[in-house]
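Student: I have a structure open on my screen and would like to learn how to read it, one feature at a time. Could you walk me through it?

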Amino acid sequence: MRSAELPSSHPTDDAILDLVAGLLEEPEGERLHAHFGSCAPCEARYRERAGSWELGRARIPAQWGGAPELPAVARSRGVSWRVGGLVAAAAAASLVVAIVAGPERRGGAAGDHPFVALPSPEELMVTRGAAPGGNGDTWREGLAAYAGGEMVRASELLSLNRGSAYDQPMRLLYLASSLAFSGRHAEALRTLESVEEASLPEPWRGESRWMRFLLLRSTGRTASAEALLAILSREEGEVGDRARRWSAAP
Amino acid sequence: MSGHPGPQWPSRLCALLQAAASPAEPGPCRRALCEETWLLLRAALVSGLERQARRCGPLDREDLEDLASEKSLELVLAAEEGKWRVEDRSPGEIAGYLASVARNAVVDHLRRCGRMIRDPGLDWAESGDGRVAVHGGAGPPAREVRRADLLPAAESPDAAPERREFTAALAQCLASLPSRSQRVWLLRVLFDMSARDIAAHPDVEVRQDQVDVVVHRARHLMGRCMRKKGFDAEALPPGTFAELWRRFRIRSPAPSGGAGEEHEIRRIAVQPSD
């Protein structure tokens, strides 16, 4: 990498980076500090680099223990739904899965996370082509685990499924969501990015975009996240309202 | 600078990336390894992005920092997953690769924003005629500075002793603050960090809504202390930052979490490549 080659009495960008990163031996560090004492432009460069380094420490990606960036209103938001009545059809050519939403407030897992659990369908979700005991069972079990808040188990089951092409978008969406709840944000984002958004019906499509926004933020892609937030803020409906509240939060 | 042995960061980065690519159990050491790798990658990319921005077009400071964060995370994850293999790469090759990553990132970003400017003459390292392009934080048009302006002006005979006295007084006043207030004051006054970033800093245990209160109180105490010593704390003369940062550089607490103990950020022991 070519460095900015100022006149030879001034440190290069590489030297300043070495100093900021703590890679210099004591004598070399002392030489640089002595120079900064009498050279305001070089000291300003050092100050900018050191500031950028400390900013990086404040913005360590969440998957390595960095602070998730949440306004208070998002942190207090919880999820209220309940799984009841899973129904499986015995038909050879089709498998019917139904998850019925209820008003009961979810347990601690959702309340502690910024992510919003995916909505439960109020209509039947029909998958085809899986016989009982086949991949359709893992799809149903994965959804049941998700609904019960067992996100690690849900992600394992949903990642195993090799079901029909018809099911794939939804399966990947729920897989991404379970990974997000499990703290595996980078994986969740990659999974989500493999979902063809246009194939998702509402309200899942909107929720997938909200999840993408949160994952972009938590993986350090703040500029992309802010751009998506601006788009979501112009939309109608629950996700649009959520985006506008987020933008308005201090 | 004469006597500088050559950049150290590419070798360190090479060793870290190779360690990140090796299979290991998740845990505090793994997390610390990934953090250090990410920080060093990010710092190198910030430097590269600035150089490319001088060539291609103005880049807001915040966008530059975000791009560096985003690209460095992609690279760390790629190294972990074995998609970016560095064991056959020299430190110089890695540095060169990062330069190309920085260039592509700036070009893509500026094209998206419609702010692409192509003017190789603005890169003084290429023009060789002593012109330097400088961009402000909010992306104003580039201004040219003659290389001669970058040379240090001759100091008056009184300047060095005055600076030393000022720095010593500032350090004494700062040392009289509680450690929590010291850190918040340093991050705000030296780097103008936002309350959100200060609260998120790993060495600061202050809630975001408390940061400005702590800053205000610390500024008040520092101002009063410095005025008693006959100085104005708000105007930092040249040379003050470097000395202050050397004395008070925020260091990570010990891994055992001993309250009040501060140690160097623990270096992850890696074997450097030959």
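Tutor: Gladly, and let's begin with contacts in chain A. Among contacts between residues at least 6 apart in sequence, 57% join residues at least 24 apart. Keep in mind that this is a predicted model.

Student: What share of the contacts in chain B with a separation of 6 or more comes from residues 24 or more positions apart?

Tutor: In chain B that share is 65%.

Student: How do I read burial for a whole chain?

Tutor: Look at the share of residues that count as buried, meaning under 20% relative accessible area. In chain A, 54% of the 250 residues are buried. For chain B, the figure is 45% of 274 residues. Chain B exposes about 14,000 Å², and carbon and sulfur atoms supply 50% of that.

Student: Which residues is B:Trp84 in contact with, leaving aside its neighbours within four places in sequence?

Tutor: B:Trp84 is in contact with B:Leu17, B:Leu75, B:Ala78, B:Ala79, B:Ile94, B:Tyr97 and B:Leu98.

Student: How should I read pairs of aromatic rings?

Tutor: Check two things, the distance between ring centres and the angle between planes; an angle over 60 degrees counts as edge-to-face. Over all chains, the structure holds twelve aromatic pairs. Take A:Tyr146 and A:Tyr174: their ring centres are 5.1 Å apart and their planes stand at 80°, so this pair is edge-to-face.

Student: Why does that pair tie together parts that are 28 residues apart in sequence?

Tutor: Because A:Tyr146 sits in helix α6 (residues 135-147) of chain A, while A:Tyr174 belongs to helix α8 (residues 168-181) of chain A. A:Tyr146 is buried at 1% relative accessible area, and A:Tyr174 is buried too, at 3%.

Student: Could you show me a pair in chain B?

Tutor: B:Phe191 and B:Phe241 form an edge-to-face pair, 5.7 Å centre to centre with 75° between the planes. B:Phe191 lies in helix α7 (residues 179-191) of chain B and B:Phe241 in helix α10 (residues 240-248) of chain B, so the pair ties together parts 50 residues apart in sequence. Both B:Phe191 and B:Phe241 are buried. Ring pairs also link them with A:Phe36, A:Tyr46 and B:Trp245 into a cluster.

Student: And how do I read charged side chains?

Tutor: Here is the general idea: side chains of opposite charge can pair when their charged atoms come close. In this structure the count comes to 33 salt bridges over all chains. One of them joins A:Glu193 and A:Arg221, with the closest N and O atoms 3.4 Å apart. A:Glu193 lies in helix α9 (residues 185-193) of chain A, and A:Arg221 in the loop between α10 (204-218) and α11 (222-232) of chain A, so the bridge ties together parts 28 residues apart in sequence. A:Glu193 is partly exposed, at 39% relative accessible area.

Student: Which residues are linked in a network of salt bridges?

Tutor: A:Glu48, A:Arg49, B:Arg42, B:Glu50, B:Arg61 and B:Glu65 are linked in such a network.

Technical notes. Residues are numbered from 1 along each chain as its sequence is written. Chains are lettered from A and ligands numbered from 1 in the order in which they are written. This is a predicted model: local features need pLDDT of at least 70, side-chain atom pairs count only at pLDDT 80 or more; totals for chains, interfaces and linings use all residues. Side-chain values use heavy atoms; hydrogens and water are left out. Rings of Phe, Tyr and Trp (its six-membered ring) pair if their centres lie within 6.5 Å; planes under 30 degrees apart count as stacked, over 60 as edge-to-face and the rest as tilted. Helices (H or I, at least four residues) and strands (E, at least two) are DSSP runs, numbered from the N terminus. Buried means under 20% relative accessible area, exposed over 50%, partly exposed in between (1.4 Å probe, protein chains only). Contact means heavy atoms within 4.5 Å. Accessible areas come from the Shrake-Rupley method with a 1.4 Å probe; for residues, only the protein chains shown count as cover. A salt bridge is a side-chain nitrogen of Lys or Arg within 4 Å of a carboxyl oxygen of Asp or Glu.
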